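User: I've got a model open and I'd like to know what stands behind the labels. Can you walk me through them?

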Amino acid sequence: MRERRGPADAKGTPPPRWRVLSRAAWSTLEADGPPSLSEADLAGVRAPGEVVSPAELAEAYLPLARLIYRRASAGGGAPFVVGVAGSVAAGESTTARALRLLLERGPDRRRVELVSTDGFLFPNRVLAERGLLARKGFPESYDLPLLLRFLADVKAGRPEAVAPVYSHRVYDVLPDRH
């Protein structure tokens with residue numbers, strides 16, 4: 001494990017400290033967090049055709065869940081939001097499902113909700129009108145004000161934070177579904 005520091009920014013602000021960890025060091029991180037998943041739990045984590053082994057859960061996902069759990073526990077009860085990003089088919093959904101199960105099984109049994117950003121895509125009709133259908137999934141194809149309003153509602157603890165529903169069957173946002 002080593003720390004890296006890059007150059008200061010234009011205002012002289014020092015960069016954040018980054019730690020580079022080996023997989024072995026990462027797998028022991030935050031060892032007092034939530035429990036691991038069993039082989040039976042993997043069925044709810046894997047997407048069709050995916051290979052996620054118990055070893056991968058123990059070495060990669062469990063330390064991340066432990067780290068998130070510790071940070072969320074220090075938040076004083078406010079909703080804690082975790083964003084998972086990546087390119088198409090990079091494993092974001094698998095990561096989110098694994099983290100959800102691990103975080104729900106922590107000592108105080110937290111409630112964890114998954115919300116896909118797919119619902120915040122503009123409907124296909126709007127994308128076509130704007131000439132963006134071929135750019136679906138790129139930043140300009142999302143209703144960012146709606147997404148930011150949703151995140152603000154969640155962080156504020158509002159009882160009704162509304163997220164649109166996307167259907168992978170019809171490849172579009174479902175009208176009037178939240």
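User: Where do Arg 100 and Glu 104 lie, and how many residues apart are they?

Analyst: Both sit in helix H3, four residues apart, or about one turn of the helix. Helices (H or I, at least four residues) and strands (E, at least two) are DSSP runs, numbered from the N terminus. Keep in mind that this is a predicted model: local features need pLDDT of at least 70, side-chain atom pairs count only at pLDDT 80 or more, and totals for chains, interfaces and linings use all residues. Residues are numbered from 1 along each chain as its sequence is written, and side-chain values use heavy atoms, with hydrogens and water left out.

User: What makes the pairing of Arg 100 and Glu 104 a salt bridge?

Analyst: The term asks for a side-chain nitrogen of Lys or Arg within 4 Å of a carboxyl oxygen of Asp or Glu. Here N to O is 3.2 Å, so the pair meets that cut-off. In general, side chains of opposite charge can pair when their charged atoms come close.

User: What makes Val 81, Leu 144, Leu 148 and Leu 151 a nonpolar surface patch?

Analyst: Patches take residues with over 30% relative accessible area and no salt bridge; like charges are joined within 9 Å, and nonpolar side chains (Val, Leu, Ile, Met, Phe, Trp, Tyr) within 5 Å. These four make a patch of about 320 Å². Leu 148, in helix H5 (residues 144-155), is at 56% relative accessibility, so it counts as exposed.

User: Which residues have the most contacts inside the largest nonpolar core, and what makes it a core?

Analyst: Leu 57, Tyr 61 and Leu 103 have the most contacts inside that core, which has 15 residues. Helix H2 (54-73) and helix H3 (92-104) each supply at least two of its residues, and H2 gives the largest share, six.

User: What makes the phi of Tyr 171 worth a look?

Analyst: Phi is near 60° there, a positive value in a residue other than glycine. Most residues other than glycine have a negative phi. Tyr 171 is in the loop between strand E3 (166-167) and strand E4 (172-173). Asp 176, in the segment after E4, also has a positive phi of about 60° without being a glycine. With a relative accessible area of 75%, Asp 176 is exposed.

User: Which element has the lowest mean pLDDT, and which the highest?

Analyst: Strand E1 (residues 2-4) has the lowest, 45, and helix H4 (residues 124-129) the highest, 97. pLDDT is the predictor's confidence in each residue, from 0 to 100. The chain averages 81, and 85% of residues score at least 70. Over residues 1-5 the value stays under 50, and the model has 16 contacts for them beyond four places in sequence (contact means heavy atoms within 4.5 Å). Where pLDDT is low, the predicted coordinates should not be read in detail.

User: How many helices and strands does the chain have?

Analyst: Five helices and four strands, in the pattern β-β-α-α-α-α-α-β-β. Of its 178 residues, 28% are buried.

Note on methods: Core = buried A, V, L, I, M, F, W, Y, C linked by side-chain atoms within 4.5 Å. Buried < 20%, exposed > 50% of the residue type's maximum accessible area, 1.4 Å probe, protein only. Areas by Shrake-Rupley, 256 points an atom, 1.4 Å probe, with all protein chains shown as cover.
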